[in-house]
Amino acid sequence: MIRVLIVEDDVRIAEINRRLVEKVPEYSVVGIATDEVQAKEQLHILDPDLVLLDIFFPDMNGLELLRFMKQNYPYVDVIMITAAKDLKSIREAIQSGVFDFIIKPVIYDRMLETLEKYKHFHHEMEQLSSQMTAVSQQQVDALLRGRSEKMKEPYYPKGIDKLTLDKIMEHLQYAGQGISADKLGRMVGISRSTARRYLEYLVTQGSLRADVVYGTVGRPERVYHVM
């Protein structure tokens with residue numbers, strides 16, 4: 001079994017991640033830590049193979065814990081699961097050797113794929129370690145290919161269709177000073193609520209920003225601008 005420690009300050013999200021992980025055969029969540037003290041204590045006691053690590057904590061920065069782990073538990077692998085989208089954090093995590101970097105909200109299929117890849121990587125490393133011989137270039141290549149293989153298609157959350165999203169993105173190129181969900185819906189031929197769902201999704205992805213415009217009558221309206 002691959003022993004997993006989840007380090008996440010939001011207990012609800014930690015429980016969701018635990019359920020996701022334990023749906024995958026050969027994985028077992030051995031602990032959940034919600035702060036720095038618990039994380040360091042459980043690293044020492046539980047001896048996990050893999051840590052699922054957030055960045056934002058009230059009492060610490062997850063990247064600091066990552067550095068601590070690389071110094072004190074170099075054989076423990078890490079998958080970052082975080083809302084952090086800034087390039088500095090992503091670069092530091094990658095340079096520190098994380099196996100993967102997943103941005104919240106977690107898409108189950110995306111999580112499943114990285115867990116399957118890690119399982120293959122973990123078993124290959126275990127097998128090579130048991131051989132007690134020098135590793136060949138072909139074996140190194142196989143390990144690296146397993147880690148860096150690109151996704152065939154990006155994953156989208158429920159309610160987001162690739163063809164509709166592509167059509168919306170085409171219209172957004174000509175949005176000029178911004179566009180409302182109502183206007184986009186009429187242009188694309190979808191309902192206002194569906195248009196807003198896609199627009200809000202693009203906001204979470206950093207492709208759009210939303211402003212609130214107050215008209216002379218009626219409710220304030222959200223207007224979306226291409227970043």
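Which residue in β2 is the bridge partner of Ile6?

Mentor: The bridge partner of Ile6 in β2 is Ile32. Please note that this is a predicted model, in which local features need pLDDT of at least 70, side-chain atom pairs count only at pLDDT 80 or more, and totals for chains, interfaces and linings use all residues. Residues are numbered from 1 along each chain as its sequence is written, and side-chain values use heavy atoms, with hydrogens and water left out.

Strand β1 (residues 2–7) pairs with β2 in the parallel sense over 6 bridges. Strands here are DSSP runs of E with at least two residues, helices are runs of H or I with at least four, and both are numbered from the N terminus; two strands pair if DSSP finds at least two bridges between them. The open sheet holds 5 strands in the order β2-β1-β3-β4-β5, with parallel pairing. Because β2 (27–33) and β5 (100–103) stand at the edges with a single partner strand each, one side of each is left without a neighbour in the sheet. From one strand to the next, the twist averages 20°; angles run from 0 to 180 degrees between N-to-C directions, and axes are lines fitted to C-alpha atoms, for helices over the stretch in contact.

Helix α2 (residues 36–46) packs on this sheet, where it touches β1, β2 and β3 (50–53), contact meaning heavy atoms within 4.5 Å. The direction of α2 makes about 140° with that of β2.
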